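Take a moment to look over the structure below.

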Amino acid sequence: MDLITYLTRIQFGAGALSCLANELEMLGARAPLIITDRGVVAAGLAARVTAMLPGQAPIFDETPGNPTEAAMRLAAAAYVREACDSIVAIGGGSSIDLAKAVALIVSHPEPLAQYAAILGGGARITAAMPPVIAIPTTAGTGSEVGRAALITLDDGRKLGFISPHLIPNVAICDPELTLGLPPLLTAATGMDAISHCIETFLSPRFNPPADAIALDGLSRAVRWLPQAVSDGANLTARSEMMMAALQGGMCFQKGLGAVHAMSHPLGGLETPRLHHGTLNAVIMPAVLRMNAAYAEAKYARLRAAIGLEPEGDVAAFVADLNRSLGLPASLAAMGVPADCLPRMIEGAIRDHSSATNPRPLTAADYETLFRQAMEG
Ligand SMILES: [Zn+2]
């Protein structure tokens, strides 16, 4: 039996931000906490959002690059102190994931760890959550329509929290907010969207609607990402990438795969701090090579979606795309130390995304993948 669910309220398009006050009102929300990060504030984007609100809203802007349980506690304290009744998340996946965790912990008993997917916590997450509106300022994570939040716990584990109740009530996707995103961050977040579409499509679960969305998102992203990177002011390219990211987020309920299973523990490292999308971009070629023989018919459809010849090499295409976008070629080039790999292999095996990789992977397989990704 397969669970297939699709219904998320999305306001999409240039100027969509103007819907915010109305959307809050429709949710009965009067006192939102704004959750964002300092970069979004410095870029003036938080001010553009708060200008749409009828009154003053408290702002929590201390979201770290990879959201942590400690940041969640600080934001939750602000939520309670300011008597908030809802959350507006503005930013990339980190701010949106943090907002989901805050919504969870202000409405459910602590500790957070008991709700982690791999600990069977999904069933403990109920509908008793305050409303969340997600406003992405990058085109990549798809967290604005996703049911997962990735949080690094106090003990260093980066765990996934997964429940339909974590899906934001409304996503406001306004590509104008991404016009100023720097080229490298555009590239890295765009490759995250591409990894969502590819991994979801290759997941063995049965969900043809997700497959169709994934292939459409993939075509859109490979067509428009180079332009969004080289000409950031191009609103069409930005809009197409925001749609591709949204599509990646809509379909990854079908499950991801080894790319994310490997990037999650790496993203939990204290040092170096590693960007999720960049990690996925760098890891993807090795995983695509290892999975090829296990999903041949699907690789033919991937080739068609990205415009490759029938004999084309999907892994080489992704590696070339990374290079042309100025992304690093290997984990070593990102500064990943070789001595952390045994711990990363452990983390990858236990990660919730590993179960839906088309080829079942052993510790030895993950070791091969990490070594290849280290070398590029
Ligand atoms: Zn991702």
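**A cavity and a pocket**

The largest cavity has a volume of about 60 Å³. This is a predicted model. One cavity of 30 Å³ or more is found in the structure.

Now turn to the helices. Two elements, α6 (183-202) and α10 (276-291), each supply at least two residues of this lining. Which one gives the most? That is α10, with four residues. By class, the lining of the largest cavity has seven nonpolar residues. Another three are polar, and one is charged.

Next, move to the second largest pocket. Its volume is about 460 Å³. The lining of this pocket is made up of 24 residues. Look for L3, T5, R147, Q253 and K254: of the lining residues, these are the closest to the pocket's centre. How does the lining of the second largest pocket divide by class, and how many residues are nonpolar, polar and charged? Twelve are nonpolar. Eight are polar, and four are charged.

Where does the second largest pocket lie? Domain 1 covers 2-177, and domain 2 covers 181-375. Both domains give residues to the pocket's lining, so the second largest pocket lies between them.

Terms used: Residues are numbered from 1 along each chain as its sequence is written. This is a predicted model: local features need pLDDT of at least 70, side-chain atom pairs count only at pLDDT 80 or more; totals for chains, interfaces and linings use all residues. Side-chain values use heavy atoms; hydrogens and water are left out. On a 1 Å grid over the protein atoms alone, a cavity is a set of points where a 1.4 Å probe fits but cannot get out, and a pocket is an open set with protein on both sides within 12 Å along at least five of seven lines; lining residues have an atom within 4 Å of a point. Grid points are joined across faces, edges and corners, and a volume is the space filled by probe spheres set on the points. Ala, Val, Leu, Ile, Met, Phe, Trp, Tyr, Cys and Pro count as nonpolar, Asp, Glu, Lys and Arg as charged, and the others, Gly among them, as polar. Domain bounds come from an automatic or database domain assignment.
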